[in-house]
Amino acid sequence: MATLRTRNPRVNLHYALADQQGALFPVKGQGTVSINPALVDNTLRILLSSADGSLVEVAISKERFSISSKTGGAATVLAQSEEAALLLNKPGASLPYWVSLDTNNQRIRYGKGEMLRDLMLFEYSWAAQSDSPLNAFSKDIRDIAIQGARAEHLKVLEIPVTLDPSPHIIPASAITMEVIAANSASVVNDLPDVCQRLYANVSGPGINLAPPDFPEFAQAIQYSITTPGALCYNKLAEKDPIFGYLRVTLDSNMGDSPGQPYVLEIWPAGNGSPIHDHGQACAVIKVLHGQIKVSWFSALTPAIEQPWGSTIAHAGEVTFLTPDYYQIHQLQNPSPKQGGSFCATIQCYRYPDDDLQHYEYFDYIEDGEIRHFLPDSDWGYLEFKQAIHEEWKKVMAR
């Protein structure tokens, strides 16, 4: 069993990757297990047990979802439901199943997708049940076993699902007690090391669309997008009228990111991206101009078209994603197509340090199918800036 540790447990927690039919919670009596099996027999069973053999069983079939306890040979059904959302995924909808054990708060949570509170589908609590069998052994639970499916893509978090990390990043100097209490932002120091490095490179005030030698850069880009015959207008005419956006790369692919690690992306008003993932990479996204709407999805599948959540990030704000959080999303400039302003973001990518596969594609959904996008470039940054500058000088000379 291999382990991955990240610097701070508030955002990207210690988890174990198991290639057998089970694993261990790092801490007795608490944690979250997630499994995304390719094929399930009639029933998927997630068993959480203590050293004396007492256990909690979460059973998921096509007909019923249930939570049971077994101790001393006696079995007790604690909760059950036939609600469709709780049952086995329908064919074509590959969603991870997760179970969170939280003995401090005396509850078991169940959900699908990423291990997030917003994706919880069911909660069982025994706090008010003094005679619950779980009181006798739940704090000793350590072992995890999977029955009815191979334990593919098995992950184990060291703490239960309680508080989702905010997708908005702020520097440590901006943290306040109000921010902590409202969970309105994630402090950059809480991010995985890879995200911290990306953030350090692009969060400063010098990363902007008003360089000293071309302070009208943003104004010139807007002109180029909206003016027939101009550089950006012509390039966008080659693209999808809804999903068309420009990718301006800043450096070379050094082998530690899907495509070039730093990309200036220019989103015309009303345009956006398909639903896509990021090849299990980490990313930091800084808004340089305008605003971008980020919508998140519980799985990359044509069967799921509705996001489970969204936010709008404005100029100067920074958001993030990791293999565990916010990995599948869709970006859109919410400004109206008629008269709206473009949005510019700098997207920064890097594989986690323990990623030895380096999947090079962003998978996305188009026409009801999952397809592969190999990150490309419309221009290099210096080439693009020079071309826009020359175009703008001609406009100003009229």
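1. Two residues are said to be in contact when heavy atoms of theirs lie within 4.5 Å of each other. With that in mind, and leaving out residues up to four places away in sequence, N333 touches W267, P268, A269, G270, N271, Q291, I292, S341, F342 and C343. The model in which these contacts are found is a predicted one, and this should be kept in mind through all the points below.

2. N333 lies in the loop between strand 22 and strand 23, the latter covering residues 343-350, and N333 counts as buried because its relative accessibility is 1%, where buried means under 20%.

3. Strand 22 itself, which runs over residues 329-332, holds H329. Is H329 buried or exposed? With a relative accessible area of 2%, H329 is buried, and its side chain makes a polar contact with the side chain of H278 at 3.3 Å. If neighbours within four places in sequence are left aside, H329 is in contact with P274, I275, H276, H278, I285, V294, S295, W296, F297 and L321, so that H278 is found in the contact list as well as in the polar pair.

4. For the chain as a whole, the secondary structure comes to six helices and 26 strands. The radius of gyration is 24 Å, close to the 21 Å that the globule rule gives for 398 residues, and the chain is therefore as compact as a globular protein of that length.

5. Buried residues make up 54% of the 398 residues, and, of the contacts with a separation of 6 or more, 67% are accounted for by residues 24 or more positions apart. The chain exposes about 18200 Å², of which carbon and sulfur atoms supply 50%. There are 30 positive and 44 negative side chains, and the centres of these two sets lie 2 Å apart.

6. V395 is placed in helix 6, which covers residues 381-396, and V395 counts as buried because its relative accessibility is 15%, where the limit for buried is under 20%. V395 and S186 are 209 residues apart in sequence, and their C-alpha atoms are 43 Å apart in space.

7. L39, by contrast, is exposed, with a relative accessible area of 65%, and its place is in the loop between strand 4 (30-35) and strand 5 (40-49). Leaving aside neighbours within four places in sequence, L39 is in contact with G148, A149 and R150. The C-alpha atoms of L39 and P160, which are 121 residues apart along the chain, are separated by 26 Å.

How values were computed:
Residues are numbered from 1 along each chain as its sequence is written. This is a predicted model: local features need pLDDT of at least 70, side-chain atom pairs count only at pLDDT 80 or more; totals for chains, interfaces and linings use all residues. Side-chain values use heavy atoms; hydrogens and water are left out. Helices (H or I, at least four residues) and strands (E, at least two) are DSSP runs, numbered from the N terminus. Buried means under 20% relative accessible area, exposed over 50%, partly exposed in between (1.4 Å probe, protein chains only). A polar contact is a pair of N or O atoms within 3.5 Å; within protein, one must be able to donate a hydrogen and the other to accept it, and residues adjacent in sequence count only if both atoms are side-chain atoms. The radius of gyration is taken over C-alpha atoms; the globule rule is 2.2 Å times the number of residues to the power 0.38. Accessible areas come from the Shrake-Rupley method with a 1.4 Å probe; for residues, only the protein chains shown count as cover. Lys and Arg count as positive and Asp and Glu as negative; His and the chain ends are not counted. The place of a charge is taken as NZ of Lys, CZ of Arg, CG of Asp or CD of Glu.
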